[in-house]
Amino acid sequence: MELRFTAIQLSYIVAMTLFFVGLKELGSPATARKGNTLASVGMLIAIVATLLEKQVLNYGMIFIAIALGSVLGAVMAYKVEMTDMPQMVGLLNGFGGAASAMVAVGEFWRYLAMSQNPPSSTTITALLGVLIGGVTFTGSVMAFAKLQGLITGAPVVFPAQKILNGLLLGGFLIGSIYICLHPFNSQIFLGLLLISLILGVTFVLPIGGGDMPVVISLLNSFSGLAGSAAGFVVNNNLLIIAGALVGASGIILTVIMCKAMNRSLANVLFAGFGSGESAGGGVAGGTVEGTVKSIDTEEGAMMLGYARSVVIVPGYGMAVAQAQHSVKELVDALESLGVDVKYAIHPVAGRMPGHMNVLLAEANVPYPQLYDMDDINPMFDTTDVALVIGANDVVNPAAKDDKNSPIYGMPILEVDRAKHTIVIKRGMSTGFAGVENDLFYKDKTMMLFGSAKDMVAKLASDVKQL
């Protein structure tokens, strides 16, 4: 028995080590796949060790659940389009939160079934697991629905919304105190579970689709915290550590996202940003003086093909049009002419952290060609053509020039400093922030109107004929 215990604890140490190393490898796109594999192996070791440590009543049911989950995960991995990856990530966050909440409920119910008062530590951690897990589950489902277009992606606000959230949180706190004093009241406990589920809905409803990268990373952090709480409930140190790693990395990423938008987390969560109201005193969607100059694909191909350097700025429009493969075809054609091509990636471009990186990786774009905002901005002064594909707010010069703009102070990709800029858009609509883009009216900017996939494909075809 002692040898078995030692072997299990050593297995936990190995698993934890693989988690740490895998997380470190995820810090670079070049090693991310290796890191994911190492962390997955660590999780497999952790699961096997846990099954050997605990008194499992029915291994058959557990193996059936593992098999079903594995099949479902494989099908999702192969079937889900890369453009739908934000929805999938959001949904998986929700599953993690739901699992943690169910562990908390199950452990609490086990004591009630035996007519035993659960330890106060178990009660408190179970309540935390229910709160965080429930909010994570329904919040992630709402994020999925917004991204999938099942409900509007615009912020949904209603009178006394913040008061309602405050009352729900207050009710949960009061109910939790009651449960700690009278743990055998199952109706109150189930009521607290219901409150946590409602809070998840009211938490995400007022957040616009353009802020989903922040929401997804925050919900990812919540799912980790819920898992850590579940670890305390079932007294599993490995689950506590794994959950803490996910929670910490998620909140760090959330802070990075907010910094990239020059907004506080409170502003993202509670300001209803993107609803057309100015957050900075200016008029959202105000008019800009100037003339828009449009070109066709032949003119655009001439500008790109005879340039020495081109920087491509992908945005959400590229993701929606699924134009990443056409972009790679265009770049290959340009490189065959001796053009130096780079990609400029804004931290919050798209609908999840790293959205553009994932899409370009699917199209086999080499990692060294991807440049972060801080690295690429100094290079725009020597760039002949900047090609903006479906990006809007992240290239809007008003963020640095107009103090009355709602996005003033937000770090942007400074494509306006390039010698020429080509912007591919369907029309002149505003971005998520609801403000006009000064870039479209500048003398060095040419607009190429149409679907990103169609326009890029035509550009590629025309460049090949040069």
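## Loop residues with positive phi

Helices here are DSSP runs of H or I with at least four residues, numbered from the N terminus. In this predicted model, Gln 322 sits in the loop that separates α12 (316-321) from α13 (324-336). The phi angle of Gln 322 is near 55 degrees, which is positive although the residue is not glycine. Gln 322 has a relative accessible area of 35% and is therefore classed as partly exposed.

A second case is Ala 160, found in the loop between α5 and α6. Phi of Ala 160 is near 60 degrees, again a positive value in a residue other than glycine. Ala 160 counts as partly exposed because its relative accessibility is 46%.

## Helix α7

Helix α7 covers residues 186-204, 19 residues in total. From first C-alpha to last it reaches 28 Å, close to the 27 Å expected at 1.5 Å a residue. At the N-terminal end, α7 is capped by Asn 185, with a side-chain oxygen 3.3 Å from the backbone nitrogen of Gln 187.

The buried residues of α7 include Phe 189, Leu 192, Ile 195, Leu 199, Phe 203 and Val 204. Which helices do the buried residues of α7 pack against? The partners are α4 (85-113), α5 (120-148), α6 (161-181), α8 (212-234) and α10 (265-270).

## The parallel sheet

Strands of a sheet pair through backbone hydrogen bonds, in either a parallel or an antiparallel manner. The open sheet in this model has 6 strands in the order β3-β2-β1-β4-β5-β6, and the pairing is parallel. The edge positions belong to β3 (370-372) and β6 (445-449); each has a single partner strand, so one side of each has no neighbour in the sheet. On average, neighbouring strands are turned by 25 degrees against each other, with direction ignored.

At the β6 end, β5 (residues 420-425) is joined to β6 by 5 bridges, and the two strands run parallel. One of the residues involved is Lys 425, whose bridge partner in β6 is Phe 449.

## Helices on the sheet

Helix α17 (residues 452-464) packs on the sheet and touches β4, β5 and β6. The direction of α17 makes about 135 degrees with that of β5.

Helix α11 (residues 297-305) lies across β1 (309-314), β4 (385-389), β5 and β6. Relative to β5, α11 runs at about 140 degrees.

Definitions and conventions: Residues numbered from 1 in each chain as written. Predicted model: local features only at pLDDT ≥ 70, side-chain atom pairs only at ≥ 80, totals over all residues. Heavy atoms only, no water. Expected span 1.5 Å × (residues − 1). Buried < 20%, exposed > 50% of the residue type's maximum accessible area, 1.4 Å probe, protein only. Contact = heavy atoms within 4.5 Å. Polar contact = N/O pair within 3.5 Å; in protein donor to acceptor, adjacent residues only side chain to side chain. Pairing = 2+ DSSP bridges. Axes fitted to C-alpha atoms, helices over the stretch in contact; angles between N-to-C directions.
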